[in-house]
Structure formats: structure tokens, C-alpha cells
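Please look through the model below alongside these remarks.

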Amino acid sequence: MESQLGLFEQSLDFRYSSWVREALDELPDCFTITDPCISGHPIVFASNQFLKMVGYSRDVVIGKNGRMFQGPDTDRRSVMEIREAIREERPIQISLLNYRKNGTPFWTLFQMCPVFSKEDGRVINFVGVQVPILRRKRNEVKLCEDRAGYRDSAFRCCRREVRLDSVRASTRESVASHDGKEDEIEEPCEASEVEKTKASAAIDNILSALTRYSEVTGRLVCGKRCCLNGNVQLVATLNISLRRIRQSFVLTDALLPDMPILYASEAFLKLTGYARHEVLGRNCRFLSGTDTDPTTQYQVKK
């Protein structure tokens with residue numbers, strides 16, 4: 001188990017250095033970081049506040065897919081929207097019903113965004129922030145809605161009260177307030193503007209930390225795709241499907257000079273012993289050696 005945990009942590013260390021986890025754990029937010037380049041799209045980092053919220057230990061969460069927090073009442077349409085955002089490599093903000101380790105459900109505002117490599121525009125990670133949604137009393141909401149002629153102003157008044165309550169509560173207090181009691185799941189919970197702002201601010205702080213520590217290794221990242229190469233976009237979009245193929249193979253672009261490798265499967269990397277960053281962007285002939293048959297090379301070129 002420790003060796004497997006180390007492999008997933010290496011994914012983060014390679015890109016951002018081993019110090020990044022300590023910096024991320026100092027953030028007061030509930031979030032995870034996943035690696036779409038690894039088969040199964042596993043979680044490679046989970047913040048302390050996130051672990052406290054869901055009740056799992058880090059060694060249980062690392063290496064798992066985010067599906068582990070879904071349950072019988074999780075809206076399938078919401079899950080499909082998240083999957084579509086992953087496939088299209090775009091941000092998303094959506095209310096989601098998740099489950100803790102003890103089986104109790106809770107509503108959360110889930111905000112996810114991709115992290116791109118500055119070098120080639122590939123998606124390196126996805127950051128997923130979860131802000132617990134503060135439940136509103138139904139009679140308070142109904143009171144706001146039933147006041148004829150004053151509906152809009154009353155609603156704004158209610159939102160101001162909710163906003164003040166939310167501002168007073170820090171992230172740690174929000175997490176601690178989930179005492180294991182059954183949440184109401186009869187209907188979707190809508191996040192307030194304060195909760196949406198809180199999620200967006202958390203995303204900005206996490207991206208800032210990742211960007212800063214990527215400068216330590218020289219493998220720079222950013223929150224927006226910096227490379228506009230259409231071929232890179234094509235490969236990135238196909239990544240999810242390509243990872244399902246278990247065979248050893250690479251994908252090259254014949255339209256670019258020297259036909260560089262744009263994708264390398266996990267099986268290929270295991271077979272050759274190279275890391276992904278040592279393969280991408282190079283021509284396949286770097287695998288040739290002194291005993292490689294020239295005739296075979298010629299046939300491949302033809």
C-alpha cells in the first residue's frame with residue numbers, strides 16, 4: 001500500500017516538487033487534485049480539510065477515483081455534467097450530493113478546473129474544490145417567496161442574512177458543523193453567492209500555489225491553455241478514451257516537423273522504462289540503438 005501511495009504522490013512531486021503538499025495543506029479549503037494522465041484518473045492529493053469532511057484517511061483516498069464519494073441519491077445528470085467537463089477540459093461549478101465514510105449524505109458546491117502545461121497545453125491535473133452548502137430553512141425561503149409585491153426585496157434580505165451567517169463561519173467551522181446527522185436530500189440544495197465566491201477564491205489560491213511550485217521544477221503550469229496548437233487539443237480531448245486501451249502504443253502527428261509523439265500509453269511507458277515527459281515531443285527513432293535493423297527502420301519510414 002505504501003509503495004502504491006508513493007507512486008501517486010510522485011505524480012505531484014515530479015511536476016511541483018515535494019514541498020507543494022505542505023503548502024497545499026496550509027490552505028483552509030476542502031479540495032482534491034487528480035491526475036488524468038494516470039489510468040483511472042485517480043486522486044493524487046487530498047487536503048486535510050477535505051479528509052476531515054468526508055471522514056476518510058489520506059491513504060484510503062489517494063489513488064481512488066472521485067466516484068467513491070457518490071451514493072444512491074447522487075444525481076446521475078450532475079455526474080454526467082462533470083464527466084463532460086472533464087472530457088472537454090473546461091471548468092464547472094455544480095451542486096452535488098456526496099457521501100461521507102459513515103454513509104451520511106451532504107450537499108456540496110463542487111467547482112472543478114483543469115491545470116494546463118505551459119509547454120504544450122496538455123491537461124496535467126484537475127483541481128476539485130468542495131464547499132459544504134449551508135442548508136436554509138424552508139419556511140424562511142417560503143416567507144420570502146409569498147410576500148406579494150416585496151418578493152425581490154425580501155429575497156435579497158434573506159440572502160443578506162445567509163451571506164452574513166456564511167461570512168461568520170470559516171471553512172473549518174463549516175466542516176465541523178457536519179456532526180454526522182442525516183442531511184435533507186429530498187430536493188437539490190442551491191449554493192449561495194457567498195459559497196460560490198468562496199469556491200472560486202479557493203480555486204484561485206490552489207492554482208497560485210501550483211503555479212508557484214511548478215517554477216521550482218521548471219515544468220510550468222497555468223489555469224488556462226497557453227498552447228493553441230490544434231493537434232495538442234485533439235490529443236487532450238482523446239485522452240480519456242485512449243487511456244482505456246491497454247496495449248503498448250504511441251500517437252504521433254505526421255503534419256508536424258519530425259513527427260513528434262503526442263501520446264504514449266501506460267503500457268508503452270512500462271515497456272520502455274521512460275517517463276511520459278521523456279517521450280512526448282520526440283521522434284520514435286530515439287528508441288533505436290546500435291543493433292536496430294536499418295532495413296526495418298527504412299520500411300517504417302516508407
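The numbered points below go from the overall make-up to single residues.

1. Basis. This is a predicted model, in which local features need pLDDT of at least 70 and side-chain atom pairs count only at pLDDT 80 or more, while totals for chains, interfaces and linings use all residues. Residues are numbered from 1 along each chain as its sequence is written, and side-chain values use heavy atoms, with hydrogens and water left out.

2. Overall make-up. The protein has 13 helices and 8 strands; helices (H or I, at least four residues) and strands (E, at least two) are DSSP runs, numbered from the N terminus. Of its 302 residues, 43% count as buried, where buried means under 20% relative accessible area, exposed over 50% and partly exposed in between (1.4 Å probe, protein chains only). Among contacts (heavy atoms within 4.5 Å) with a separation of 6 or more, 55% are between residues 24 or more positions apart.

3. Nonpolar cores. A nonpolar core is taken as a set of buried Ala, Val, Leu, Ile, Met, Phe, Trp, Tyr and Cys residues joined through side-chain atoms within 4.5 Å. The largest has 46 residues, and Tyr16, Leu24, Ile33, Val127, Val129 and Leu210 have the most contacts inside it. Helix α9 (residues 193-217) gives the most to this core, with 8 residues. A second, separate core has 12 residues, including Ala85, Phe116, Phe126 and Cys222.

4. Leu24 is in helix α2 and, with a relative accessible area of 0%, is buried. Neighbours within four places in sequence aside, Leu24 is in contact with Leu12, Phe31, Ile33, Phe45, Ile206, Ala209 and Leu210. Leu24 and Leu210 are 186 residues apart in sequence, yet their C-alpha atoms are 8.5 Å apart. With the same exclusion of neighbours within four places, the contacts of Val127 are Thr32, Ile33, Gln111, Met112, Cys113, Val115, Ile203, Ile206 and Leu210.

5. Helix α9. This helix has 25 residues and reaches 37 Å from its first C-alpha to its last, close to the 36 Å expected at 1.5 Å a residue; the expected span is 1.5 Å times one less than the number of residues. Its buried residues are Val194, Glu195, Ala199, Ala202, Ile203, Ile206, Leu207, Ala209, Leu210, Tyr213 and Ser214. Just after α9, Gly218 takes a positive phi of about 85°.

6. Helix α5. The 13 residues of α5 reach 18 Å from first C-alpha to last, close to the expected 18 Å. Ser78, Val79, Ile82, Ala85 and Ile86 are buried in α5. They cover an arc of only 120° around the axis, which puts them on the same side of α5; the arc is that of the directions from the helix axis to the C-beta atoms. An α-helix has 3.6 residues a turn, so residues three or four places apart point the same way.

7. Aromatic pairs. Rings of Phe, Tyr and Trp (its six-membered ring) pair if their centres lie within 6.5 Å; planes under 30 degrees apart count as stacked, over 60 as edge-to-face and the rest as tilted. The structure holds 5 such pairs. In one of them, the rings of Tyr56 and Phe69 have centres 5.9 Å apart and planes at 70°, so the pair is edge-to-face. Tyr56 is in the loop between α3 (48-54) and α4 (58-61), and Phe69, 13 residues away, is in the loop between α4 and α5 (76-88). Both Tyr56 and Phe69 are buried, and together with Phe50 they form one aromatic cluster.

8. Charges over rings. A charge sits over a ring if NZ of Lys or CZ of Arg is within 6 Å of the ring centre and within 35 degrees of the ring normal. Arg58 lies over the face of Phe45, at 5.8 Å from the ring centre. Arg282 lies over the face of Phe286, at 4.1 Å from the ring centre.

9. Backbone points to check. Ser17, in the loop between α1 (2-16) and α2 (20-25), has a positive phi of about 85° although it is not a glycine. At 9% relative accessibility, Ser17 counts as buried. Glu89, in the loop between α5 and β3 (92-99), is another residue other than glycine with a positive phi, near 55°. Glu89 is buried, with a relative accessible area of 8%.
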